[in-house]
Amino acid sequence: MTKNQEILQLAEKYGFDECEVISAEPFLQYKKDFEKSSYAEDSDITYDPKAYKKDADKIVVLLKAYNPYDESYFTSDHIYVDAYYVAGNECYFSAKNMAEEISGWRYAAYASPRISFRHCAYRAGMGKRGMSALLINEKYGSYVHIQCLLTNAPLDITKNIENTEICDDCESCTLSCKGGAMQGNGFVDINKCVRHYMPAKRYVPEHIRKMVGSSFIGCTDCRVACPHNLKIAKVKPPQDLLDACYIPVLADSEHENYKKSFNTLRNYIGTNEIKKMKLIKSVVIVIGNTKDKKYLKILDKLKSRNDDKDLLEYIHWAENEILKAAI
Ligand code: SF4
Ligand code: SF4
């Protein structure tokens, strides 16, 4: 069996749907994009994989398709968690395990390198670039998650194209964005995009809070609007995840089920996204959008227990949203 076949087998074992090997030469298009627009949120992502790891000359690009959750299972008393982030967390650990197995073959292998996964997928021919800046895969639409491994394993390159085509099949994604974040040229102004803020990882301005709806993390509007996704079936979210999204428990850290819900969310979405303060701030923003006066008592309790300036501002805003709706 060749090393490429072994890698394919590993990718399959860890649940990936597509796997290609590309060269680790610099991503000049990414560099140009980054200079032109701030669409890449993390400035520590390098366009040159060798600057990240000198000893790696290939990139194994892995793609996992997922089915979006049927939102109707999330009631108005639930925060909404998008399946993308659950798939992302799974992919992170799968890629980590794959890298460990490759290291066991005595080659360097680095999972989740700080390079642009999307540009790796374009080079791997896994799809075109959407107007929404999402990868559009022919089979799975944009319901995909990408992971990468940098390695020096003796692999043949299976694809290496420079695909800069931008999908302009329609305007649905651009029109769906409430924040006007899409610039109409394949770039997203991250300062106008909900994902830049949620789950409350930085100060969330009032106009963004209103755009959040019930979504705990990110925003699904441009993905849902894309006709390439119409054929992908929605599925019921796992019951324990749904249970963990119940607002009255998440808003009360003294509730007997709080710890269980917190840990379940961590298991599904990862420890980076689920931190106590981020969680409660996000839950309060969602409460404001429910406009349900039954939450006033909970907000009152939260006010007396916290002194974080931003959280207190969100509580005050949520109370006002509820009271305004009650008039
Ligand atoms: S994720 Fe939401 S806010 Fe961000 S660009 Fe897409 S539609 Fe706009
Ligand atoms: S919504 Fe339309 S323009 Fe946007 S990525 Fe999908 S097909 Fe392309």
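This is a predicted model: local features need pLDDT of at least 70, side-chain atom pairs count only at pLDDT 80 or more; totals for chains, interfaces and linings use all residues.

Student: Which domains does the assignment give, and how many Å separate their centres?

Tutor: Domain bounds here come from an automatic or database domain assignment. That assignment lists domain 1 (3-167) and domain 2 (197-326). Taken over C-alpha atoms, the centres of domain 1 and domain 2 are separated by 28 Å.

Student: Which helix gives the most to the side of domain 1 that touches domain 2?

Tutor: Two residues are in contact if their C-beta atoms, placed from the backbone, lie within 7 Å. By that rule, 25 residues of domain 1 are in contact with 32 residues of domain 2. Helices (H or I, at least four residues) and strands (E, at least two) are DSSP runs, numbered from the N terminus. The top contributor on the domain 1 side, with four residues, is helix α4 (residues 83-104).

Student: Where does ligand 2 lie?

Tutor: A residue is near a molecule or strand if its C-beta atom, placed from the backbone, lies within 6 Å of it. Ligand 2 is surrounded by 14 residues, the closest being Gly-130, Cys-167, Cys-170, Cys-173 and Cys-226. Both domain 1 and domain 2 give residues to this shell, so ligand 2 lies between them.

Student: And ligand 1: how many nonpolar residues does its shell have?

Tutor: There are 13 residues around ligand 1, and Cys-177, Cys-193, Cys-219, Asp-221 and Cys-222 come nearest. For classes, Ala, Val, Leu, Ile, Met, Phe, Trp, Tyr, Cys and Pro count as nonpolar, Asp, Glu, Lys and Arg as charged, and the others, Gly among them, as polar. The shell around ligand 1 has three polar and two charged residues, and its nonpolar residues number eight.

Student: Is Ile-146 buried or exposed?

Tutor: Ile-146 sits in strand β6 (residues 144-151). A residue is buried if 20 or more other C-beta atoms lie within 10 Å of its own, exposed if 12 or fewer, and partly exposed in between, with C-beta atoms placed from the backbone. Ile-146 has 24 other C-beta atoms within 10 Å, so Ile-146 is buried.

Student: Which residues of α14 are exposed on the face turned away from its buried side?

Tutor: In α14, the buried residues are Tyr-314, Ile-315, Ala-318, Glu-321 and Ile-322. They cover an arc of only 125° around the axis (taken from the directions from the helix axis to the C-beta atoms), so they are on the same side of α14. What covers them includes α12 (276-290) and α13 (296-305). The face turned away carries the exposed Lys-309, Asn-320, Leu-323 and Lys-324.

Student: What phi does Ser-112 have?

Tutor: Look in the loop between β3 (109-111) and α5 (117-123), where Ser-112 is found. With 16 C-beta neighbours inside 10 Å, Ser-112 counts as partly exposed. Although Ser-112 is not a glycine, its phi is positive, at about 50°.

Student: Last one: what is the peptide bond from Met-198 to Pro-199, cis or trans?

Tutor: Pro-199 is in the loop between α6 (172-176) and α7 (206-212). The bond from Met-198 to Pro-199 has omega near 5°, and it is cis.

Note on methods
Residues are numbered from 1 along each chain as its sequence is written. Chains are lettered from A and ligands numbered from 1 in the order in which they are written.
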